[in-house]
Amino acid sequence: MQFYRDGYRPGDPDVQPAAPEALVRSADLPEEIDVLIVGTGPAGTVLAAQLAAFPGITTRIVERRGGPLQVGQADGVACRTVEMFESFGLADALLREAYWVNEVRFWSPSEADRSKIARTGWVQDTPEGLSEFPHVIVNQARMQQYLLDHAARSASRLTPDYGIELVTVTVGDGEYPVEVTLRRTEGPRDGEEFTVRAKYVVGCDGARSNVRRAIGRELRGDAANHAWGVMDVLATTDFPDWRTKNVIQSAGKGSLIMIPREGGNMVRCYVDLGVVEAGDSEIRKTTVEQLTAVTNAILHPYSIDVKSVAWSSVYEVGQRLADRFDDVPAEDVPARLPHVFIAGDACHTHSAKAGQGMNVSMQDAFNLGWKLAAVLEGRSAASLLHTYTAERQTVAKDLIEFDKFWSAFVAQPTLDPAHPELGGVTAEAMQAEFARQGRYTAGLATRYLPSLLTGAGTHQDLAEGFEIGTRFHSAPVMRVADGKPVHLGHAHRADGRWRIYAFDGTDGGGLREFAEWIGTSEDSPVVRFRPEGADVDGVIDVHGIFRGSHHDIDVTALPEMLIPRTGPLGLQDWEKAWAADPRDDIFAARGIAASGAVVVVRPDQYVAHVLPLTARAELTEFFAGFLVEQRATARR
């Protein structure tokens, strides 16, 4: 983390000085807004945190509740989500508070007595090497509060406007084409309606989204046919695996998934309530006492004595998906630009079994946020916004298909060896499938196909471990300036900038020549697409990774692009040059070719392209596909 670049200031460095725009923020919503976010759920809070990095963009977020969420339904935080939190500087706080899911243990009917359960095995929750971060558990309300606090500490001082719900949305013409009617839901002005105009509106308002209805989108899919009860309990027990994640199958009494919660004592129990008719309202009347009784029946010969229930619910598994995530009909895409978007549960719903709901919702917003900022700041044409639906609707469709399979799989009865004709799943098959699906449940299976923002794999062999279209898989490096071991991916901040990671060849000269060219040539993307007066790394942030020891590199002799002078004081940035960590060589770990490589990474941490260090024209041509040419004069 860098601070004091604008000059010394006392106090908490996480609290940024307020921008002039933030200091004149009105108590009421302004009549004209750049971006209006509807809903403070997972998607809404990520979008707010991301847009808060741009105080020149007028962003407001409204929520019909009177205050922040206190108890949330979601709790599983995938490795990919923790990686995203690191880009906001929030991973350390999250990991300190959360429960770390290290193992999944499996229980099935005992061979000696099928009325009892016995442990049959275990798997590592996240396969080794997938991420530097673990899969963790923390309440959804806390996740959202981290992001809201981050937005409030930003230069934008962005905070939600509570007690306001959306009524209507109409898209017209002009600079602020979206007219929104809002209604106050509490206080002395309860029921009062008022209108604002926005350039863009994003509906993060859940499965019953008013924004989705307003743009004529519908959730379509399969009706629910399997019910689960869920409860967060504080209990005493003789069950030995109370503080590990468990998948428990009984003989005829149902299935149980147990996931420990943060804090050392609370555990979430997902209780199988069996097949139900779609729309069965009776199942929702299942009480905590009934859920506890089913839990104890499944756990026999063990039991739990529930002392307190923090939260409980009954839900039915159903998978539904919107055909598009914006207001433009598919047939009108070539001629019309989107101005209203939906994200999260507003455009896809599914079960909690795969633990992906909150995580995928957050990734929706992370995909959209930097694109809105690029368009509003004039760095990209508004046509860039078409890529949101193109990319995220495909991801959601894959999630729906996986959830259908996974929900059915974990709900299967256990196979009775005495009656194999009745069907079911063996303990070994259950354990093997959990291990096989580790990459997906870690949130790391998303792969964007070649497009405007994702290059072809022609040169993928130059950096085999940085697969184009997937998230940038971080690895350890040494910071040249001070010898600090750091994960390279942690240099990536949620600030809307593109990253270029240039890996040196074995001759030691390729990287220096590349850095000199990209910082000075009129043909380089850094020069062509940087606005006048902006820092040299304001749009594209270039990092160099050397093969040798950091002790052998004179930082002051590096090309200026790797030690640029930026900020109002023109201070040198000492955090652009890196060397291989001798304990864990990134060149070997990620398959970097002897000739070196250029790895281009999107603002949302996905690998966009891999090119040779010598592919100068091809690199600039790639950026020209989505950035608006500025051709600024390089600042010295």
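I started at S87: a polar atom of its side chain lies 2.6 Å from the backbone oxygen of M84. I take a polar contact as a pair of N or O atoms within 3.5 Å; within protein, one must be able to donate a hydrogen and the other to accept it, and residues adjacent in sequence count only if both atoms are side-chain atoms.

Ground rules next. This is a predicted model, where local features need pLDDT of at least 70 and side-chain atom pairs count only at pLDDT 80 or more, while totals for chains, interfaces and linings use all residues. Residues are numbered from 1 along each chain as its sequence is written, and side-chain values use heavy atoms, with hydrogens and water left out.

**Entry 1: S87 and its helix**

I placed S87 in helix α3. Helices are DSSP runs of H or I with at least four residues, strands are E runs of at least two, and both are numbered from the N terminus. Is S87 buried or exposed? It is buried, at 4% relative accessibility. The cut-offs are under 20% relative accessible area for buried, over 50% for exposed, and partly exposed in between, with a 1.4 Å probe and protein chains only.

I listed what S87 touches, leaving out residues up to four places away in sequence: F366, H492, R493, A494 and Q605. Contact here means heavy atoms within 4.5 Å.

Then I checked the whole helix. Nine of the nine residues of α3 are buried, so the helix is largely enclosed by the rest of the structure. Among them are C79, R80, E83 and E86. I looked for what covers these residues and found, among others, α2 (42-51), β3 (76-77), α4 (91-97), β7 (136-137), α5 and α8 (357-376). After α3 comes G89, with a positive phi near 75 degrees.

**Entry 2: the cavities**

I counted three cavities of 30 Å³ or more. The largest cavity has a volume of about 120 Å³. Of the 14 residues that line it, E83, F472, S474, G489 and Q605 are the closest to its centre. A cavity is a set of points, on a 1 Å grid over the protein atoms alone, where a 1.4 Å probe fits but cannot get out; lining residues have an atom within 4 Å of a point. Grid points are joined across faces, edges and corners, and a volume is the space filled by probe spheres set on the points.

Which helix gives the most to this lining? Helix α3 (residues 79-87) does, with three residues. I sorted the lining of the largest cavity into four nonpolar, five polar and five charged residues. Ala, Val, Leu, Ile, Met, Phe, Trp, Tyr, Cys and Pro count as nonpolar, Asp, Glu, Lys and Arg as charged, and the others, Gly among them, as polar.

**Entry 3: Q50**

Q50 lies in helix α2. I read it as buried, at 1% relative accessibility. Q50 touches F88, A365, F366, G369 and W370, residues up to four places away in sequence not counted. I also checked Q50 against S154: they are 104 residues apart along the chain, and their C-alpha atoms are separated by 10.0 Å.

**Entry 4: Q319**

I found Q319 in strand β16. It is buried, at 7% relative accessibility. What does the side chain of Q319 make a polar contact with? Its partner is the side chain of D403, at 2.9 Å. Beyond its neighbours within four places in sequence, Q319 is in contact with R220, G221, D222, T349, H350, I400, D403, K404 and S407.

The chain is divided into domain 1 (31-72 + 140-221 + 320-327 + 334-401), domain 2 (101-132 + 225-315), domain 3 (405-434) and domain 4 (460-625). These bounds come from an automatic or database domain assignment. I noted 40 Å between the C-alpha centres of domain 1 and domain 3.

D461 lies in the loop between α11 (438-441) and β19 (476-479). D461 is partly exposed, with a relative accessible area of 48%. It touches G591 and A593, not counting residues up to four places away in sequence. D461 and V610 are 149 residues apart in sequence, yet 8.7 Å apart in space, C-alpha to C-alpha.

Most residues other than glycine have a negative phi, and most peptide bonds are trans. I noted R157, not a glycine, with a positive phi of about 50 degrees. R157 lies in the loop between α5 (140-153) and β8 (161-162). The peptide bond from H300 to P301 is cis, with omega near 20 degrees. I placed P301 in the loop between α7 (288-299) and β16 (304-321).

Notes:
1 Å grid on protein atoms, 1.4 Å probe; cavity = no way out; pocket = protein on both sides within 12 Å on 5 of 7 lines; lining within 4 Å.
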